[in-house]
Amino acid sequence: MTDGIKRRDFLKVLGVTGASATLTGCSEPERLLPYVVAPEEITPGVATWYTTVCGGCSAQCGMWVRTREGRAVKVEGNPNHPVSRGGLCSKGHATLQHLYNPDRFHGPMIREGDRLRQGTWDEAEQLLAAQITATGNVMFIGGRMGPSMSNLVDEFVAAVNGTRIEYDAVSDAPLREAARITYGATGLPSYDIANARLLLSFGNDFIETGSSPVAHNKGLAQMSAVDAAGSKGRFVYLGPRLSTTGLNADEWYPIRPGSEAAVALGMAAVIADDAGAAGPYADVLRAYSPAVAAQAAGVSEDSIRELAERFASESPTLAMGPGVGGHHRNATAANIAVMILNHVAGNVGRTVHYDAAVSAATGAYAEMESAVSAMAAGQVGVAIVHGANPAYSMPAASGFVEAFSQAAFKVSFASAMDETAALADLILPDRHFLEAWGDSMPRSDVVALQQPVMQPVPHFDSKSAGDVLLATSVHLGNDFGATTFYDFMRNGHMEMHDDSVGDFETSWRLALRTGAVEHDMGTTAAPSQLQAPDVALSFDAPALDLGGDLTLLVHPSPRFGGGEFSNSPWLQELPDPVSKITWHSWLEMNGTTAEERGIREGDIVRVTSPHGEVEVPVWIYPGIREDAVALAMGGGHTNMGRWANGSGVNALALLPSESEQPSGAMLTLATSVTVTPTGERRRIATIEGSSDQHDRPIAPAVALADLGHVEEAEHDEGHAEFQELQGVGGFVPVPSEGGAATAFPLEGSRHGPYAESHDLPRWAMAIDLDKCTGCSACVTACQAENNVPWVGEEQVMMGRDMNWVRIERYIEHMDATQAGDLDVRMLPMICQHCANAPCEPVCPVFATYHTPEGVNAQIYNRCVGTRYCANNCPYKVRVFNWYRYMDDVPEPMNWQWNPDVTIRTNGVMEKCSFCMQRIRDVENRAALEDGRAINDGEIVPACEQSCPAEAIVFGNIRDENSRVSQVVSSERTYRVLDELLNTQPAVHYLRKVTFHEIASGGHD
Amino acid sequence: MKKRWLIGGLAGVFALAGLAFVQGGGGEGGEGAEGAVETGQPIAFPHNQHAGSEPGQNNMDCQFCHFSAERSVAAGIPSVASCWGCHVAIPGTNHPEEVAKIQGYLERDEPIPWVRIYKISDHAHFPHMRHVNAGLECQECHGEIQEMEVLTKPDEWWTPAKELFFGQDPVWGGDNMGWCVECHRRPDENGEQQASTDCAVCHY
């Protein structure tokens, strides 16, 4: 016998070992843990809903939160909220990820040397009180907060003889200052976009930022809808760069950055019959003729004149002044100019109101500049930061980091590490808004309550900042009439309560349930006259710091805001609505400019300004002027968490630290830059295939003038047999008698053994592309509802992104050199649930098939990962789990998972399921309620629920009275690629309506 | 060398026999407390004493404790306070030491870590309330619980061979989809299938 183990011996040993290994049986058995004391309001397996207010941004939209077994699992818009009226943006959905973010602090942190150690709350509060007593000179730097918290902070700061600074990274200070100067108004104006016939946005990106992105998004959709009289509101965007908001415009005037005031005044000069109409601004109007405006803006004088005439005649109209992306050195004046334009056109009191005192983020950067000086001079003893991250959101040129370090004792209320908290001596992690009490007053006549929807996430020993301030005050010997913030807030509301409308408790409970109460705060006089300015104003285009030949446009990101939201993987992987890029930063550059300079898309360039430099890849964008480049905020975090760190570059590095006068806002449009290729390239992590339809009928549009006779305009290219489809909303007419089908199988029921099930509903969806603004709220809503994984930058670059919805953006007409029509088509593409699905016959294991209710179902446990279905899908909406992405989800982020949706493992295909879990939920509920029928509109998929524009409708198309049936009977209805492929989708789209002509038949 | 083969082979045969034995449900657990401990339950809770209808047994309704079965996807298990609701006054005659454990859990504010017996895979969604409201008895799927002192995990993988060799009655078999489909397929009094066998009804 030779030495060493022989093959046969080895195999025998393997066999025995293998058999015996199975004898050990399972490891730890699964446990069932009951409640110790069962809470009354929780039934296991049944969701409990709470109404609250979103604390994501300053818009404070109404929010409904779905909780399961005491955990928040989904947030949605509250349709009863008087301002937002339903719908929720992507950032709002992502607040759920901030709640369960593993990067949250585990408790109060106390600095010892260069490390932070965890302490107890008692210890932390006593330390804070001791420091305040010993050191004094308290400075409280706070971001946006509700009125009760603001009152508490005022009282706290007053009691310690400190100072309070209100600071918002993304601030509408110029607008607030302009409203004060022009009309003596407090707060921001409120806009009635829905009723405008002609809307002008002078670089105001109201769908993404501003006082209420959700409400304004909804208003735009309503304005754009063709009304019963056959007319449609028109949207004109004036600005150097098309944001998500700008992409929805019907016309684009690519005016030079900084020339908004000149254009608005030039238009006002045309409209004002006599100079008296402009009151104290009469000579300003004289100085700015359309010729002057055209010269400043770089568009033709005729176009300005013509626009002015339309603005005056197509009443009511509305103009909105520059937003955060356009804050240059004369931003307040620019907003005043737009207000003058509204005034002479007679819009005040009709589409724009100055008596509503809309409150939003309006903190002044100038105050922070003073704070920095004070800190640097050693005048600040205890510096407290709440709801702000100035170490990141102030440009490096501000010197905040160095100055902050000079403060004797630094405190942060941040709930997770950020660049400012990293410098603090004491961290008092605040509760997430879903765990805390609060309130908001988005408008002078609306008060909304924020209530905790669950116990605080136990991994994190957090405490409401209000409670901390009250407890610290006790140590300082101050008493504010309450020991908890809840009591403090209630006391405040009790004092404000008008007992004539009923008792307080009833009102309180009603407010908690409905989300907000509208109450008469007493009308302030609506302004009628323009007031003379009390500060010096210049309406000229401001000077820019000279850094090169390209103007730099820094703007808030629709995904990250000013950077507050960057540590959310959902938002990092949400394709930017304009560029469709994920995870990393990009520099937007016009194609002509790039070509002239020999720069290709993906080239990494060095962008240099007099204040700093960054290296960032280039993305070619036809929606920006040739003399400008754009960079979004929100990237380049160094200490904000595992998903934010290392992602992108910080655009603020290129900006000066300077505030605009008189508003004190931070400048975002302040400098020009030089762009130099570094010689390196990178692959762009984009999900976009192409922005060109390549002559395919994917997103056709119809001209307003052609409505009513679409068939005449249609090319007849052998479509005769499909023209019947138009009449009944897309389905081949089914022989029927008395409303019941008589011929079977029904179209689409051929696959599968369920041809006889003809009394079931047939689910279908209609998406109105004239309403869709491309905001991408549905994308994040779907991801939250259906446990859709995120895959990371590398996998996205390989084309393995997992989103079930993608917003396709097709550019049909876009000209950055002259004023003209703009035609961009936004198309939310989901699984089309084709009746004649190409994916169904090719699955070897019948994992995908057509249910008798018309849904293309994907059975995860049957799927063996052949991927032939994705290969066959012409819409490319099927996504494959290449890895077990869910294994990488850290605790407690997995607490967010929807327990009603299966978690998919690797090797499994997935796609939109029409929110099958919601269909089942409603079916179960109806069955329990004496087997009643399901009401139309009762099943609301996550995308439909979230859409601020209300563009999506889901329902039973077999019911002729259902909303979806009525919507698809519109002449604008079509189905994507259906005429070419005969897939017969259940998802119908309604053509976008344009003002300009469409060249050939509905396909253009 | 032949001996090594023999030993290895015999070891393998015993291993496989043991495997089948374990899969076949092991032996019937011991009586009373020892049986519960064998299945790993923290307290030897006897369903027959509580829900049984023999003389001396309490004849409680399943839904007295498993309260959410008629309105939720999950049947629910009783909270510790629920058990204590009766046992604050009932020390029990057979195993008072087991009953005493409840007080311990309550005082420590600790949930009783029951070992889960009935579970279907996460990729299937079973709505209890639909079945309860359709008139199904709990025993239809869970077996004659009211006669069981100790609940043991049902067969993950019931086959006719088990009836033949081990005398086991077909009980609801854990992840056995065939059990569900067989009932769904059964015709009702009109001769139609009594419940949907559409995959997407449970798998989504």
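**Reading the interface of chains A and B**

Guide: In this predicted model, chain B and chain A together bury about 3700 Å², and 66% of that area lies on carbon and sulfur atoms.

Visitor: Which three residues supply more than any other three to the area that chain B buries against chain A?

Guide: They are Arg116(B), Asp198(B) and Tyr204(B), which supply 17% of the area that chain B buries against chain A. As for residue counts, 48 residues of chain B are in contact with 41 residues of chain A.

Visitor: How many salt bridges are there between chain B and chain A?

Guide: A salt bridge is read from a distance, with a side-chain nitrogen of Lys or Arg within 4 Å of a carboxyl oxygen of Asp or Glu. The count between chain B and chain A is two; one of the pairs is Glu30(A) with Arg116(B), whose closest N and O atoms are 3.1 Å apart. Polar contacts across the interface come to 16 residue pairs, with both residues at pLDDT 80 or more.

Visitor: Which element gives the most to the side of chain B that touches chain A?

Guide: That element is α1(B), with nine residues, while α1 (2–23), α5 (80–87), β1 (114–115) and α7 (128–133) of chain B each supply at least two. By class, this side of chain B has 26 nonpolar, 12 polar and 10 charged residues.

Visitor: In what sense do β1 of chain A and β1(B) pair, parallel or antiparallel?

Guide: Strand β1 of chain A, residues 31–32, pairs with β1(B) in the antiparallel sense over two bridges, and within this pairing Leu32(A) stands opposite Trp114(B).

Terms used:
Residues are numbered from 1 along each chain as its sequence is written. Chains are lettered from A and ligands numbered from 1 in the order in which they are written. This is a predicted model: local features need pLDDT of at least 70, side-chain atom pairs count only at pLDDT 80 or more; totals for chains, interfaces and linings use all residues. Side-chain values use heavy atoms; hydrogens and water are left out. Contact means heavy atoms within 4.5 Å. Buried area is the accessible area (1.4 Å probe) that two parts lose on being put together, summed over both. A polar contact is a pair of N or O atoms within 3.5 Å; within protein, one must be able to donate a hydrogen and the other to accept it, and residues adjacent in sequence count only if both atoms are side-chain atoms. Helices (H or I, at least four residues) and strands (E, at least two) are DSSP runs, numbered from the N terminus. Ala, Val, Leu, Ile, Met, Phe, Trp, Tyr, Cys and Pro count as nonpolar, Asp, Glu, Lys and Arg as charged, and the others, Gly among them, as polar. Two strands pair if DSSP finds at least two bridges between them.
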